[in-house]
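I opened my notebook to look through this structure one element at a time. Here is what I looked up, in the order I came to it.

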Amino acid sequence: MAAIIALILSDRLDRTIAAMVGAAVMVGAGILLGFYSEAQALEAIEFDALALLLGMMILVSILEPTGFFQYVAVMAGRLSRGNPWRLMLLLGGGTAFVSLFFNNVTTVVLVGPVTILITELLGLSPVPFLMAQALLSDTADVGTSVGDPASVLVASASGYSFVDFLTHAMPIVLVAVLVTLVMLRLLFSHELSMRPANPQVVNSLDAAAALQDRRTARRVLIVLAVTIGLFIFQQTLHLTSGFIALSASAAALVWVQPDVREVLARVEWLVLLFFIGIFVIVGGLEAAGAFEPVTTVLAGLGRTQPMLLGIAIIWVVALLSALVDNVPVTIAMISLLEGLAAAGVDVSALWWAVVFGAGFGGNATSIGSGANIVIVSLSERTRAPITPRLWSRRGLPVAFATCVAGSILFALAFPWLGR
Amino acid sequence: MEIRECMKREVISLPHTATIGDAARAVIEHHIGTLPIVDEAGTPVGVTTIRAIIQIFLPDFVSLLADIDFVKDYGSLRTPSPGSLEKAESLSVADIMAAPVAVEDDCSLIRALSVMHKHHLRDLLVLKDGKLVGIASRVDIGRAFLVGWQTSRAGILEAA
């Protein structure tokens, strides 16, 4: 198992393959040594989380070819009137807002090239703007229960609803976004003070032409609006997030009638398989009692000083998600918290600590989040590639500042968060 | 008809040590779009085109976006950026050349046209015993083929 984790970390083996092999090994070992059965492995898989992810992925996939994401970026460019700071606010803010609902990796894949376009036309370096998009969307997307896989997982495990996320996580996330903006302004002050020679070139971008399929985009957005409505009332309606998301995707598919094969080809099955593999692996570790020593140590702290434990969780999860994908980290933390709950600790506020750590920590390194990796690889195809060192020089301060802000707010809001 | 009857026998080629500047001068002087890169023995080792040379100067976004029609004004990109000029000075043809696609000199026109169609080529290299002996453009081969078609049509109409 350590070998599998090492392989995922070192990136030598595709992470989905590593997760699937790990899962197979875990179940095999479990059966042989008697600590884990197939039934237990199946139980470890959170199907609601998977259904939610799949449903949202299908919606995004239908929306992608309409040019909607490019349209958002072009509008940001036009509204900026060529001013660098306004451009960063609009592009970063726009990306962050979209990533509240749709996974930020896909958003960044589509919006990033337009960002490069706009900065090239203005004669600016794309680096600050690309990084702003990644950092802001990483920070913001944990504010809803659907924006980031980490939130989806925590929502599923904790039972917190979409509205709970809006009232508990979102306020702190908004402050973190503000902190990020301030940091960006400071870290890129030199680049942001440049005046493009011809700012009016953004006016020539034909936003309407960028949005190639207006009708489909409108339909998908309407479905999304209804979906959000259902999320808000999901507890009254007794509906699970997964059911809502899959029904929404079915509704969109029947209303739009796209080429289903193409839509499904864009769904990230690798991500879903990766999740399943990690669920099974962590479930096995839990069944084998691997978390027990940690749980025992932390349970003591959890009973006496839960707020401190929460802050510790923010930092540990942040550190881990800077180095590794935040999905395995989150799934492992969920197991840990479930163990703590079984040991009599009140974990209701601690779930949020996991959410904040997962969201803010990924900013620190160029591999900390899927969006960062995409941005870096896009930049490598331009004249201004972002090196891992450059990323850390800007991203680490942002991650640090947001974790500090998050910790302070977590401490201050602790009673509220536990409700 | 076979390709050797419609190909050009005077082939302008470059050695693989040539720079982009050398390639540019060849294009300018001879008004050609495709430059085979050959070794000392006359065997083609690569090919570069005016398209590949120009790509050095195109903005980054062109290769990153599927649709660029909505960009109406290229602003500060109307002239090549210093970055692209630097890049052009630092590269040699070996850095931008593609694998050569060639046929033997007794190749049929239909086969030649099919190969060009598949590889999206405008010019096809022609070899004899592995050595470059000619180059035929889409117009050269296509026209020869269409002449053949029109001639046979006229023959059928006459006979009818």
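Buried here is under 20% relative accessible area; five of the five residues of E2(B) pass, so the strand is largely enclosed by the rest of the structure. I note that this is a predicted model, and I read my entries with that in mind.

Next I looked up the sheet around E2(B). It is an open sheet of three strands in chain B, in the order E1-E2-E3, and the pairing is mixed. E1 (14-15) and E3 (44-49) of chain B are the edge strands, each pairing on one side only.

Then I took the two pairings in turn. E1(B) runs parallel to E2(B), with two bridges between them. Here I saw Pro15(B) opposite Val38(B) of E2(B). On the other pairing, E2 (residues 34-38) and E3(B) are antiparallel and joined by five bridges. Val38(B) turns up again, with Pro44(B) as its bridge partner in E3(B). Leu35(B) has Thr48(B) as its partner in E3(B).

What lies between E2(B) and E3(B)? I found a hairpin, with five residues between the strands.

I moved on to the nonpolar cores. The largest has 150 residues, and those touching the most other members are Phe69(A), Phe102(A), Leu117(A), Ile313(A), Phe356(A) and Phe410(A). I checked where this core draws its largest share: helix H4 (residues 47-63) of chain A gives 12 residues. A second, separate core has 16 residues, including Ile3(B), Val103(B), Val115(B) and Leu124(B).

Setting aside neighbours within four places in sequence, I listed its contacts as Met56(A), Leu59(A), Val60(A), Leu63(A), Phe69(A), Thr107(A), Gly147(A) and Leu224(A). Phe69(A), in that list, is also among the core residues that touch the most other members.

My last stop was helix H23 (residues 388-412) of chain A, which has 25 residues. From first C-alpha to last I read 35 Å, close to the 36 Å expected at 1.5 Å a residue. Where does H23(A) have its kink? I found it at Gly395(A), about 30°, shortly before the proline Pro397(A).

Conventions
Residues are numbered from 1 along each chain as its sequence is written. Chains are lettered from A and ligands numbered from 1 in the order in which they are written. This is a predicted model: local features need pLDDT of at least 70, side-chain atom pairs count only at pLDDT 80 or more; totals for chains, interfaces and linings use all residues. Side-chain values use heavy atoms; hydrogens and water are left out. Helices (H or I, at least four residues) and strands (E, at least two) are DSSP runs, numbered from the N terminus. The expected span of a helix is 1.5 Å times one less than its number of residues. The bend at a residue is the angle between axes fitted to the seven residues ending there and the seven starting there. Two strands pair if DSSP finds at least two bridges between them. A nonpolar core is a set of buried Ala, Val, Leu, Ile, Met, Phe, Trp, Tyr and Cys residues joined through side-chain atoms within 4.5 Å. Buried means under 20% relative accessible area, exposed over 50%, partly exposed in between (1.4 Å probe, protein chains only). Contact means heavy atoms within 4.5 Å.
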